[in-house]
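Please look over the sequence and the structure before reading on.

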Amino acid sequence: MINGIQINLDIPYPPIGDLKPNSKLAYKLKEAYAGPISEISCITKYIFEHISLNSDLNEIKTVLKKIAIIEMKHLDILGTMIKKLGISPTYTAFNSVENESYWQSNLISYETDLIKCLKENIIDEQKAINLYKQLIIDAQDEKITKVLKRIILDEENHIKIFQSILNNLI
Ligand SMILES: [Fe+2]
C-alpha cells in the first residue's frame with residue numbers, strides 16, 4: 001500500500017492456454033515486450049530509479065521495486081505468448097526502418113530527479129496502455145485480449161500510484 005493504493009491488485013491473470021501459431025502477431029507483441037516503450041524498458045528504468053534515489057526516500061524506492069516486479073510478470077506473460085505464437089522470445093523488436101533490433105540500455109532515460117522520474121513514468125505507462133489497446137485491436141483473439149486487458153489494469157494502477165506520489169511532492 002502507498003497513499004491508500006494497493007500495489008499488487010487482487011485480480012488473477014487469465015491463463016494463456018494454447019495459441020495458434022501467428023508470427024505476424026508475435027512480432028507485434030514484441031514491441032510491448034522489448035521495444036523502446038516496453039516491459040523490459042520499464043523494468044530496467046524502475047530498478048535504476050530504485051537504486052539511484054537517496055535512502056531518505058525509502059518508501060518510494062520500495063514501491064518502484066515492487067512495480068518493477070509486476071512489470072517482470074508482464075514480461076514473462078508476453079514472452080510466453082510470443083513463444084506460443086511461434087517465434088523466439090529474444091529481446092528484440094522491429095524498429096522504424098522495419099529491421100529487427102536488439103533491446104538496448106540506451107532506450108531508457110537515466111533521470112535521477114524524483115519529480116521528473118515520476119512524470120516520465122506516467123507518460124511511459126500511458127504509452128504502454130495505448131500500445132496494449134492497439135494490440136487488442138490487432139490480435140482479434142479473445143484469449144490474448146483477456147490477458148492484455150488484465151495487464152492494462154496494472155498499468156492504470158501504476159499511473160495512479162505515481163500520480164499520488166507526485167501530488168504529495170508538488
Ligand atoms: Fe507492464
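## Terms and model

Helices (H or I, at least four residues) and strands (E, at least two) are DSSP runs, numbered from the N terminus. The model is a predicted one, in which local features need pLDDT of at least 70 and side-chain atom pairs count only at pLDDT 80 or more, while totals for chains, interfaces and linings use all residues. Residue numbers start from 1 along each chain, as its sequence is written.

## The segment before α1

N3 lies in the segment before α1. Its phi is near 50°, a positive value in a residue other than glycine. Most residues other than glycine have a negative phi. A residue is buried if 20 or more other C-beta atoms lie within 10 Å of its own, exposed if 12 or fewer, and partly exposed in between, with C-beta atoms placed from the backbone. N3 counts as partly exposed because it has 13 C-beta neighbours inside 10 Å.

Helix α3 covers residues 58-84, which is 27 residues. The expected span of a helix is 1.5 Å times one less than its number of residues. For α3 this gives 39 Å, and the end C-alpha atoms are 39 Å apart, which agrees. The buried residues of α3 include I60, V63, L64, I67 and I70, and also E71 and H74. The buried residues of α3 pack against α1 (23-34), α2 (39-52) and α5 (142-169). Just after the helix, G86 takes a positive phi of about 110°.

Two packed helices are described by the angle between their axes and the distance between the axes. Axes are lines fitted to C-alpha atoms, for helices over the stretch in contact, and angles run from 0 to 180 degrees between N-to-C directions. For α2 and α3, the angle is about 160° and the axes are 8 Å apart. That angle makes α2 roughly antiparallel to α3; angles under 35 degrees count as roughly parallel, over 145 as roughly antiparallel, 65 to 115 as roughly perpendicular and the rest as oblique. The crossing of α2 past α3 is left-handed, a term used if the near helix is turned anticlockwise from the far one by less than a right angle, with clockwise being right-handed. Among the residues making the contact are I40, I43 and I47 of α2 and L64, I67 and L78 of α3. By class, the contact of α2 with α3 has eleven nonpolar, two polar and five charged residues. Here Ala, Val, Leu, Ile, Met, Phe, Trp, Tyr, Cys and Pro count as nonpolar, Asp, Glu, Lys and Arg as charged, and the others, Gly among them, as polar.

## Helix α4 and its neighbours

Helix α4 has 26 residues, 114-139, and should span 38 Å at 1.5 Å a residue; its end C-alpha atoms are 36 Å apart, which agrees. Among its buried residues are C117, L118, N121 and D124. The buried residues of α4 pack against α1, α2 and α5.

The axes of α4 and α5 come within 9 Å and cross at roughly 165°. That makes α4 roughly antiparallel to α5. The residues of the contact of α4 with α5 divide into 19 nonpolar, five polar and four charged.

With α1, the packing angle of α4 is about 170° and the axes are 10 Å apart. That makes α1 roughly antiparallel to α4. Residues in contact have C-beta atoms, placed from the backbone, within 7 Å. L25, K28, L29, E31 and A32 in α1 meet A128, L131, Y132, L135, D138 and A139 in α4. This contact of α1 with α4 divides into eight nonpolar, no polar and three charged residues.

E125 is in helix α4. E125 is buried because 24 other C-beta atoms lie within 10 Å. Leaving aside neighbours within four places in sequence, E125 is in contact with E155, H158 and I159. The C-alpha atoms of E125 and D154 are separated by 9.6 Å, with the two residues 29 apart along the chain.

L135 is also found in helix α4. L135 is partly exposed, with 19 other C-beta atoms within 10 Å. Beyond its neighbours within four places in sequence, L135 is in contact with K28, L29, A32 and L148. Q140 is found in the loop between α4 and α5 and has a positive phi near 50°. With 9 C-beta neighbours inside 10 Å, Q140 counts as exposed.

Methods: Contact = placed C-beta atoms within 7 Å.
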